[in-house]
Structure formats: structure tokens, C-alpha cells
Amino acid sequence: MSDYYEVLGVARTATPSEIKKAYLKLARQTHPDVAGPGSEERFKEVSTSYEVLSDAERRRMYDLGGTDALRNGGAGSPFTGGFQDIFETFFGAAGGSSQRGPVPRGRRGQDALVPLEITLEEAVFGAEREITVNTAVVCPTCHGTCCRPGTAPVTCSVCNGRGSVQRVARSFLGQIMTTSPCHNCQGHGTIIADPCPECSGDGRVRTRAKIPVSVPAGVDNGARLRMPGRGEVGPGAGPAGDLHVEFRVKSDTTFARRGDDLVCSVTVPATAAALGTQIVVETFDGPREVNIAPGTQPGHTETLRGLGVTHLQSSGRGDLKVFVDVEVPGRLDERQRELLTELARLRGEERVAPKVTAGGGIFSRLRERIGL
Ligand SMILES: [Zn+2]
Ligand SMILES: [Zn+2]
């Protein structure tokens, strides 16, 4: 008895698909109708090996050194497992062995993935947009019947509408009845005798379509929205696939997003930071006053509650965090220099012994607050 793995020329660790591939190749080479008389033995060996190795349980038994089920009792039903594949290979039965009745003409259309660029503001509040896609729609001339208007599909004369035909195949096992899809009607059971001139009988036409898209509030970069049935109409006017819209959020010149918070930075003069002031920040919700308390340090953050990004699929919003930077005056004129010098003298800051620390300070506050 030959080793099944050797017969198929695969490793003992071969995957099911590797085994199937090896088998189909060998089956083509050794089939008696192809290789001529005298190859029956070899073909039978190949088929037997595949019968066993393609069945997980039988393969396991065989690997364990047990007797394989085919020789013991499987001979009663030779039309299973590998043998079906033979017929699919040689008679082109696309699922013909399990298919009953005619195959519907319409097949499901393809899904589509379309990017949509949105602004950060649209991501914050949501928006109504429209996208233009290249797609397929039901043919307006035949309304998906695939026939020239006024005509109808006719029953296939070869299979009489069954969609499949039976034929006798000769093999080493003798004559076998096989069922395969009717080639005359491709298994549909009917023929489009007079195809629609608009769609050439496909039931659909290609077009550019405008599709409204509701951008959900809170959506983030890379998020996808699935719109069932808004993809392409399938061949034969089959059901439409799904449309997936992928959002690309453009970076904003003023605000950055950190989770559902928005972050921005304002720069105030050192005098304003020292004396305190009111500034106005243009937020997505309009102008908002921000209080800069006297003695505000660089890196201080003011939080404006509820002015951030809407929580996706829920209520409420994140915060807007205003990061305060302080600008030290440069280029002093004579008078300013005098005043600053006097201030320094008053504050005892003419000679400075700087505090040196490893952590803390503005840089770590920066990292902490805006997540750098
Ligand atoms: Zn048409
Ligand atoms: Zn037919």
C-alpha cells in the first residue's frame, strides 16, 4: 500500500488546501480521459489518497497508523468527498452536485468603500453631506428584467427550465450519472432571447450617483459608517451590496483632538499673565471668554466644559482645553528696559539663582496636558 502523502507529493504537515491543490493537479494529469488507458491505477491511487487525506477524521486515523475507512466500508458510497471534486474539475460543475433547481439570475452586488473627508467641526457636531460614487444601479430601461421591454425570458430548451442537466460519465468505476448546471442557460433555467439594449442583459447600468451621508457627531478619523444596500446593484439586477464610508478628519489649524476633548493654545504677553486679563477664544460654539488669572504661569490650562467633541452615539461632549503660553517681551526700548530693571530690583531678581529640577516644570505639564 502506497503512502498517501507520497502519492500526492505533499508533506505530512500539508494543509487541507495544499492537499486539495496537489490532488487536483495530479487528477488532471492522471485522469484516464486525459492520460489515456493505462493510467487508471495511478488515478485510482491519487483519488484514494485524496479521499482519505481530505477527510479530517480519516486523515487522523491514517496518521495514527489505523486502517482507513475507505477500504473498510466507505466503498458503498464512492460519490462523496474527493469524487465530487473530480466531477467539479472535469465537468465544470459550479456547485452542481449540491444545487437543486435553477439558479436565480440576480447575484448580490459588490460592497463599496468610499473615503469622505470632513472637517474637525463636522466631526464635533455631525453633518449632512453628499458623496458622489461610481456605482451600478438597476437598469432604467428594463427595470432589472434584463429583457428588451415587451419581451420576457424563455424557458431553456436544453434543461426545460430545471437549470441542470444529467449526463452519463464514463470512469474507472463504470458509468456514472452526474448532474451539472445547464451550459445553455448557465443554470438559470431561462434564456434571455432578446436582451435589453441599454444594459446588454445585465439588468444594471454603471453610473455616478449622489448619495446623502449623515456624518455621526463624534466620529473620529478612520471610522467607518456602513450603509446597507447602498453599494452596487449586482449582476442580473441582484440585491445591492453595502456602502462603507470611511471618514478622514482634516487637521484643523486651531484645534487638535485628544479623545473627545479639543485642545488649543493661546499665547499671552508676560505682563497680561502677571496682571491677569480676559481673552476671547473663537470656539466651534462661537466666541468664549477665557479668564487669565493674575500670575498665570506658562503651561497653565483653562478648561471650558462641554465645548469638546460630542460623544459618539451618546449625549454630552468632551471639554475644550485652552493651553496658555506666555510670551516674554523681547526688543525693549529704553523706557521699557528702565521699567523692567526697576521691577527686577523691586522683586529682588537682579541676580537669579535658578531652581534646577529633573522633573516637573513646563515641559512635563505640556506632555501631561496635551498628550505629547
Ligand atoms: Zn436593461
Ligand atoms: Zn438550461
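Between which two strands does the loop that holds Q186 lie? Select Q186 and you will find the residue in the loop between β5 (174–181) and β6 (190–191); helices (H or I, at least four residues) and strands (E, at least two) are DSSP runs, numbered from the N terminus. Before going on, note that this is a predicted model, where local features need pLDDT of at least 70, side-chain atom pairs count only at pLDDT 80 or more, and totals for chains, interfaces and linings use all residues. Residues are numbered from 1 along each chain as its sequence is written, chains are lettered from A and ligands numbered from 1 in the order in which they are written, and side-chain values use heavy atoms, with hydrogens and water left out.

Q186 counts as exposed, with 56% relative accessibility (buried is under 20% relative accessible area, exposed over 50%, partly exposed in between, with a 1.4 Å probe and protein chains only).

Now pick N160, in the loop between β3 (154–155) and β4 (164–171). Phi of N160 is positive too, near 55°, and N160 is not a glycine. At 56% relative accessibility, N160 is classed as exposed.

**The sheet**

Next, colour the open, four-stranded sheet with the order β10-β11-β15-β14 and mixed pairing; two strands pair if DSSP finds at least two bridges between them. At the edges stand β10 (256–258) and β14 (300–304), each with a single partner strand, so one side of each has no neighbour in the sheet. On average, neighbouring strands here are turned by 35° against each other, direction ignored (axes are lines fitted to C-alpha atoms, for helices over the stretch in contact, and angles run from 0 to 180 degrees between N-to-C directions).

Zoom in on β11 (residues 261–269) and β15 (residues 320–327), which pair in the parallel sense over eight bridges. Click V266 and look across to β15: its bridge partner there is V324.

**The largest pocket**

Finish at the largest pocket, whose volume is about 860 Å³. Its lining has 20 residues, and A270, A274, L343, R347 and E349 lie nearest the centre. (On a 1 Å grid over the protein atoms alone, a pocket is an open set of points where a 1.4 Å probe fits, with protein on both sides within 12 Å along at least five of seven lines; lining residues have an atom within 4 Å of a point. Grid points are joined across faces, edges and corners, and the volume is the space filled by probe spheres set on them.)

Show α9 (270–275), α10 (334–346) and α11 (361–370), the elements that each give two or more residues to this lining. The most come from α9, with five.
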